[in-house]
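This note is for a colleague who is meeting this model for the first time. Please keep the sequence and the coordinates open while going through the numbered points.

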Amino acid sequence: MSRKVPHLEELRKMDREHHLHPFTDHAAMHPSGTHILTTGKGVYLEGEEGKLLDGLAGLWCVNVGYGRKEIVDAVAKQMQELSFYPSFFNSTTEPAVRLAERLGRLAPGDLNYSVFSNSGSEANETALKIIRQYQILKGKPNRMKILTRDYAYHGVTLATASMTGLPNCQIPYGLPLPGFLHAPAPYAYAVGREKDAEAYGQECVAATKKLIEKEGPETIGAMFLEPVQGAGGVIVPPPGYLAAMRTLAREYEILFVADEVITAFGRLGAWFVSEMWDLKPDLMILAKGLTSGYISMGATMVSQPIADVLMKGGYFAHGFTYSGHPVAAAAALANMEILKKEKLVEKTKDKVGPYFQRRLMEFSGHPAVGEVRGVGLIGAMELLPKGGRKDLKPGMNLGIVGAAKVRSEGAIVRGIRDLLAFAPPLVITEGEIDEMFASVRRGIDKLWS
Ligand SMILES: Cc1ncc(COP(=O)(O)O)c(C=O)c1O
């Protein structure tokens, strides 16, 4: 029995008997039992394994770090004043209005309106319905197909899992649904093209164009893109790729949706990457960093022209009981205030992000590392077997093996296929980055043992 988590074995037994976890191989987890985390402060978590540096910010979301009293106080105050009231039927609450206004003011271009929800999946699902309604109202009911990419991650509902481009999210559920198209991702390393990634990116654009032509542009309503693909393996787009995809969407009058669930709120050193990379999206998807994960919330931001069409289009019959939940909105406002006051976005861009990238790039000569890549405070490290790249086989899951080794050296990182992914809280210091990469080094030094 561990001293750190009271009732650990009892909790593990209850967990085994009653709890189905998201994205978990239960047969593999049950013999040793689930990990239980108990407290968090800054970039550190504590649980039955002791103190761990969280190199993934929970699930790419705890941007302002754990234990922020400002958010706790804002939430408690709102709960005392008005714990809940919906935004249905001509009513709303002050935090929901203030958050919509703040997002509208901050977001790039004419993204002036927000539809609130509870998660990234719901925010993408909302976008899908808005796009269908918009196309119908514009007299283009045939534009119902949706274009995304291989390795994309847009969520897990039936429709958003159909947009996701990962076989393990689709095959068990008989997905994708009809009408969801997948273009190649600019994942140069996966096809051995990392030395000419830029050219490979343009080939992906050409393949996307071909797919659009084959399907018929007049049947495609929207293209969804994560500026940096996160859960698919931190795929950083090569120069010119995103701009060319944006041009393609415009050329064929396909709506362009930036899924910024991971990338917004400072992760890449900008409030919104759409602004930094001039993507001019018609819709933008937010969640995660919106509240730094303190309470669940998603937002679908739509441009003024789309909002105008919707508002003239009659009754908007969409929304969740908790759309614009006042407590979540209060948490989001307090979170955004911390980001602003502590200049976390600017620090990520000018100081901590570049330092993190420098330290990450030092791994490029390591014998167990095939590639490192990243931008701002997100990064990935492709791992290799002892025999090198030629011996890499599907199903080796070196990332899963590597992440477990790094965890036993004191840091949580994410294993995906054969890679490690990193996305620490933006409050991380240079010393803590050193500490995180020291754990990573000790872990991968033991990868083959
Ligand atoms: C880019 C992106 N979109 C959507 C989602 C889905 O968000 P949620 O898990 O909150 O439903 C995620 C989650 O990781 C994501 O990374």
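1. Which side chain meets that of D73 in a salt bridge? The partner is K69, with 2.7 Å from N to O, where a salt bridge is a side-chain nitrogen of Lys or Arg within 4 Å of a carboxyl oxygen of Asp or Glu. D73 and K69 are four residues apart in helix 4 (residues 69-81), so about one helical turn separates them; helices (H or I, at least four residues) and strands (E, at least two) are DSSP runs, numbered from the N terminus. D73 counts as partly exposed at 38% relative accessibility, while K69 is exposed at 56%, given that buried means under 20% relative accessible area, exposed over 50%, and partly exposed in between (1.4 Å probe, protein chains only).

2. A word on the basis of these values. This is a predicted model, in which local features need pLDDT of at least 70 and side-chain atom pairs count only at pLDDT 80 or more, while totals for chains, interfaces and linings use all residues. Residues are numbered from 1 along each chain as its sequence is written, and side-chain values use heavy atoms, with hydrogens and water left out.

3. The domain assignment, which is automatic or taken from a database, divides the chain into domain 1 (35-64 + 343-445) and domain 2 (69-341). Their C-alpha centres lie 25 Å apart, and 34 residues of domain 1 are in contact (heavy atoms within 4.5 Å) with 35 residues of domain 2. The area buried between domain 1 and domain 2, meaning the accessible area (1.4 Å probe) that two parts lose on being put together, summed over both, is about 2700 Å², and carbon and sulfur atoms give 59% of that area. On the side of domain 1, W60, V64 and V345 lose the most area to domain 2, together 23% of what that side buries.

4. Between domain 1 and domain 2 the count is one salt bridge. The side chains of E194 and R389 also meet in a salt bridge, at 3.0 Å from N to O. As for accessibility, E194 is partly exposed, with a relative accessible area of 24%, and R389 is likewise partly exposed, at 34%.

5. A further salt bridge joins the side chains of R373 and E371, at 2.6 Å from N to O. R373 counts as buried at 11% relative accessibility, and E371 counts as buried at 17%. A search of the whole structure finds 28 salt bridges.

6. Is L242 buried or exposed? L242, whose place is in helix 10 (residues 241-251), is buried, with a relative accessible area of 7%. Leaving aside neighbours within four places in sequence, L242 is in contact with L225, P227, P237, W277 and L279. L242 and L166, by comparison, are 76 residues apart in sequence and 20 Å apart in space, C-alpha to C-alpha.
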